[in-house]
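Please view the sequence and structure first.

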Amino acid sequence: MKKQKSQKVTKNKKERFAEMKAFPNVIEPEFQEIFNKNYRLRGQWNKEFFKNNHPIVLELGCGKGEYTVNLARHFPLQNFIGIDIKGARMWKGAKTALEENIPNAGFLRTRIDFITSFFDKDEVKEIWVTFPDPQPKKARKRLTSTKFLAYYQKFMQNKGVIHLKTDHTLVYQYTLKIVQENELELIHAERDIHGTNKSELEKVRNIQTFYEKQFVEQNKKIKYLSFKLNINQDLKEPPDE
Ligand SMILES: C[S@@+](CC[C@H](N)C(=O)[O-])C[C@H]1O[C@@H](n2cnc3c(N)ncnc32)[C@H](O)[C@@H]1O
C-alpha cells in the first residue's frame with residue numbers, strides 16, 4: 001500500500017517536471033549554462049524576460065511561490081521571480097501564474113548558491129526570504145547569513161529591502177543580530193505577525209505560504225523582519241552562540 005502511494009507521488013512529480021519544461025514563465029538552466037559563467041539573462045531579465053522596465057523583486061526558497069504569485073497580482077508594475085531548487089513545488093506557482101495570466105511572475109529553478117550568475121549589479125530591488133531551511137548547525141548556509149548577504153550585495157540596489165518570514169526563533173534572532181552588529185537599517189521586527197493588527201504589516205499577514213499555514217496550525221508564532229541592505233559594506237558575521 002505504502003509503495004503504491006510513493007509510486008504515485010513520483011509519477012506526479014515526473015508529470016509536473018515534464019509539463020514545466022514547456023512553461024514560458026519558468027527558467028531551468030542546465031549546469032553548464034551557469035558553471036563558471038554568467039547566465040544569458042543576467043542583466044537582461046527586464047529586456048528579455050518581462051519585456052518592461054519595472055523593478056525586480058525575488059522570493060528565495062519560494063517553494064510553491066505564494067509570495068511571488070500574490071505580490072505579482074497586487075503589484076502589476078513590479079516584476080517577481082521565485083527561486084527554488086525544487087521543481088515539483090515551483091510547478092504550482094508557475095501553473096497558477098499561467099492560468100491566471102499573471103505576466104509579472106516568473107520562476108527560476110536553481111540553487112541559490114549560484115545566484116550571482118543570474119543577476120547583475122543593481123538589477124534587483126527587493127528580496128523576500130520565506131521560511132528558509134533553518135540550518136541550525138551551519139549558520140553560513142542560512143539564506144540570511146553574511147555569506148549570502150554578500151551575494152545579494154552584488155546585484156541589489158543600494159538600501160534595497162530584505163524581508164524574512166520564519167517560524168524559527170534561531171533564524172529570526174540570528175538575522176536580527178546581523179542587522180544590529182552591522183548597523184543596517186531595521187524597518188520591522190515582529191515576533192508574532194498574526195498576533196498584531198498593525199495595518200502596515202497587512203501584506204505580510206495576508207499572504208501565507210504553504211509552510212506557514214502548517215506552522216500556524218501548530219500554533220507556532222510567525223516572525224517577520226525587514227531591513228535595508230547597504231551594498232558597499234563588508235558585513236561581519238555575528239559570533240557563534
Ligand atoms: C521550508 S521550505 C519553504 C518553502 C516556501 N517558501 C514556503 O514557505 O512554503 C524551504 C525551501 O527553500 C528551498 N531551498 C533551501 N535552500 C536552497 C538553496 N540553497 N537553493 C535553492 N532552494 C533552496 C527548498 O528547496 C525549499 O523549497
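The points below cover the ligand, its contacts and the pocket around it.

This is a predicted model, in which local features need pLDDT of at least 70, side-chain atom pairs count only at pLDDT 80 or more, and totals for chains, interfaces and linings use all residues. Residues are numbered from 1 along each chain as its sequence is written, and side-chain values use heavy atoms, with hydrogens and water left out.

**Surroundings of the ligand**
- Around the ligand there are 17 residues, of which Gly61, Asp84, Arg89, Ile112 and Thr209 come nearest (near: a heavy atom within 4 Å).
- This shell has six nonpolar, five polar and six charged residues (Ala, Val, Leu, Ile, Met, Phe, Trp, Tyr, Cys and Pro count as nonpolar, Asp, Glu, Lys and Arg as charged, and the others, Gly among them, as polar).

**Atom pairs and burial**
- An oxygen atom of the ligand lies 2.6 Å from a side-chain N or O atom of threonine 209.
- A ligand nitrogen atom is 3.3 Å from a backbone N or O atom of isoleucine 85.
- In arginine 111, a side-chain N or O atom is 3.4 Å from a nitrogen atom of the ligand.
- The protein buries 93% of the 590 Å² that the ligand exposes when taken alone (Shrake-Rupley method, 1.4 Å probe).

**The largest pocket**
- The largest pocket has a volume of about 650 Å³ (the space filled by probe spheres set on the grid points, which are joined across faces, edges and corners).
- Among its 29 lining residues, Gly61, Asp84, Pro132, Asp133 and Leu143 are the closest to its centre (on a 1 Å grid over the protein atoms alone, a pocket is an open set of points where a 1.4 Å probe fits, with protein on both sides within 12 Å along at least five of seven lines, and lining residues have an atom within 4 Å of a point).
- The ligand sits in the largest pocket (more than half of its atoms lie within 2 Å of the grid points).

Technical notes. Polar contact = N/O pair within 3.5 Å; in protein donor to acceptor, adjacent residues only side chain to side chain.
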